[in-house]
Amino acid sequence: MREAGRDNQLHKDQDFQGVSEHLLPEVPTGERKIEHVRLCLNEDVNAQGITAGFESYRFRHAALPELDFADVQLNTMFLGQELRTPFLISSMTGGSGATGKINERLAAVAEARGWAFGVGSVRAAVEKEELAASFSMRKFAPTIPIIANLGAVQLNYGFGREACQRAVDIAGASMLVLHLNGLQEIFQPEGNTNFSGLLKKIEKLCGELSVPVGVKEVGWGIDGETAAKLYDAGVSFIDVAGAGGTSWVQVEKFRNEDKMKKAAAEAFVDWGISTAECITEVRQMNPRKAVIGSGGLASGVDAAKAIALGADLVGFGRSLLGAAVESEEALHHRLHQVEFELRTAMFGVGAPRPIELQGTKRLIRTIK
């Protein structure tokens, strides 16, 4: 099953090859943000030997759902705010003119369809004012939640409350997420690798910032015990960002000229905790906390499984990137399809709202 899942994902990756690149002009090597987008579109940077884990679950079909499909609605609540859908466009990019255009498109379509939206790491704009426009998305998305994003490790490299608040202000954000990306930083040529003592600094920041603070991984997952420590420190939500989608070690492998690290990257291609396992564990150990499920989701059926396992919101990232670069119409179509798939799955198990789906007993684990 794992090999079949990997083959399906590689097929999806190959679909990116023909995408229009008018938003991504040729640039010199070293333009990290555009390099990241190009690599995610055109190279095999997916985890291998591990999947997001959703193929291990199936829904028991409800032949008599006692529902009108027209009455199946996606409205949900997250941190006290009502959203039109339980979806998040996960943090991906920003930091250059070209990637700023991608963010504008993502923000505008997220606003139109009622998805929450996360920008990529705002660190570049905090350090260089001229890059702020590529993250300043509130004018394109006036009503939806926008999540600003910074690397948690930057709290060990001079960032404190002021810099974090600046990131929130630049993005016009409703909340801040700190990403944990230790393995990426090790393989990144410019990486910052001092992850010591971060929990206390995160706790301090949670008490100082004007908006809720969350923590996310970038593709290797957050386990239940780690999530509990973060919640106890004052974190408002966890985005598990589990394994099975993009591997940022593999992305950085293509950028790193160190032959030893290029070779070593292959040893980590199956690293991490699957997304389904992360959601299950974080929810079981933290039953009343806010959880976002992301990492390798490919469809609205995957989203339905993530919600049934305990996620409050579900995040899609690289699977939307090809459409985002192609056109606004293509991105609308992609998001519409995901919404339709989720509504259909909800109808198929007799759940009229995401809250009923979250409590369903019709999700069965078929592979142990």
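Which residues of β10 lie on one side and which on the other, and are they buried or exposed?

Reply: On one side of β10 lie A290, I292 and S294, on the other V291 and G293, and all of these residues are buried, so that both faces of the strand are covered. Here buried means under 20% relative accessible area, exposed means over 50%, and partly exposed is what falls in between, calculated with a 1.4 Å probe on protein chains only. In a regular strand the side chains alternate between the two faces of the sheet. Because five of the five residues of strand β10 (residues 290–294) are buried, the strand is largely enclosed by the rest of the structure.

Residues are numbered from 1 along each chain as its sequence is written, and side-chain values use heavy atoms, with hydrogens and water left out. Helices (H or I, at least four residues) and strands (E, at least two) are DSSP runs numbered from the N terminus.

β10 has a pairing with each of two other strands, where two strands pair if DSSP finds at least two bridges between them. With β9 the pairing is parallel and runs over three bridges, and D239 stands opposite I292 of β10. With β11 the pairing is likewise parallel over three bridges, and there I292 stands opposite L313.

The loop between α12 (300–309) and β11 (313–316) holds D312, whose side chain meets that of R283 in a salt bridge at 2.9 Å, N to O; a salt bridge is a side-chain nitrogen of Lys or Arg within 4 Å of a carboxyl oxygen of Asp or Glu. Since R283 lies in helix α11 (residues 275–285), the pair ties together parts that are 29 residues apart in sequence. Both ends are buried, R283 with a relative accessible area of 12% and D312 with 17%.

Rings of Phe, Tyr and Trp (its six-membered ring) pair if their centres lie within 6.5 Å, with planes under 30 degrees apart counting as stacked, over 60 as edge-to-face and the rest as tilted. One of these pairs, F69 with F347, is edge-to-face at 5.7 Å centre to centre and 90° between the planes. F69 lies in the loop between β1 (57–59) and β2 (76–78) and F347 in helix α14 (residues 328–349), so this pair ties together parts that are 278 residues apart in sequence. F69 is partly exposed at 26% relative accessibility, and F347 is partly exposed at 27%. F78 and F237 also pair edge-to-face, with 5.9 Å between centres and 70° between planes. Because F78 lies in strand β2 and F237 in strand β9 (residues 237–239), their contact ties together parts that are 159 residues apart in sequence. Both F78 and F237 are buried.

Among the other salt bridges, of which the structure holds 10 in total, R255 meets E35 at 3.4 Å, N to O. That pair links distant parts of the chain, R255 being in helix α9 (residues 248–255) and E35 in helix α2 (residues 32–42), 220 residues apart. Both R255 and E35 are buried.

The mean pLDDT (the predictor's confidence in each residue, from 0 to 100) is 91, and 92% of the residues reach 70 or more. Over residues 1–21, however, the pLDDT is below 50, although this stretch has 31 contacts (heavy atoms within 4.5 Å) beyond near neighbours in sequence. Residues 26–30 also fall below 50, with four such contacts in the model. Where pLDDT is low, the predicted coordinates should not be read in detail.

Key:
This is a predicted model: local features need pLDDT of at least 70, side-chain atom pairs count only at pLDDT 80 or more; totals for chains, interfaces and linings use all residues.
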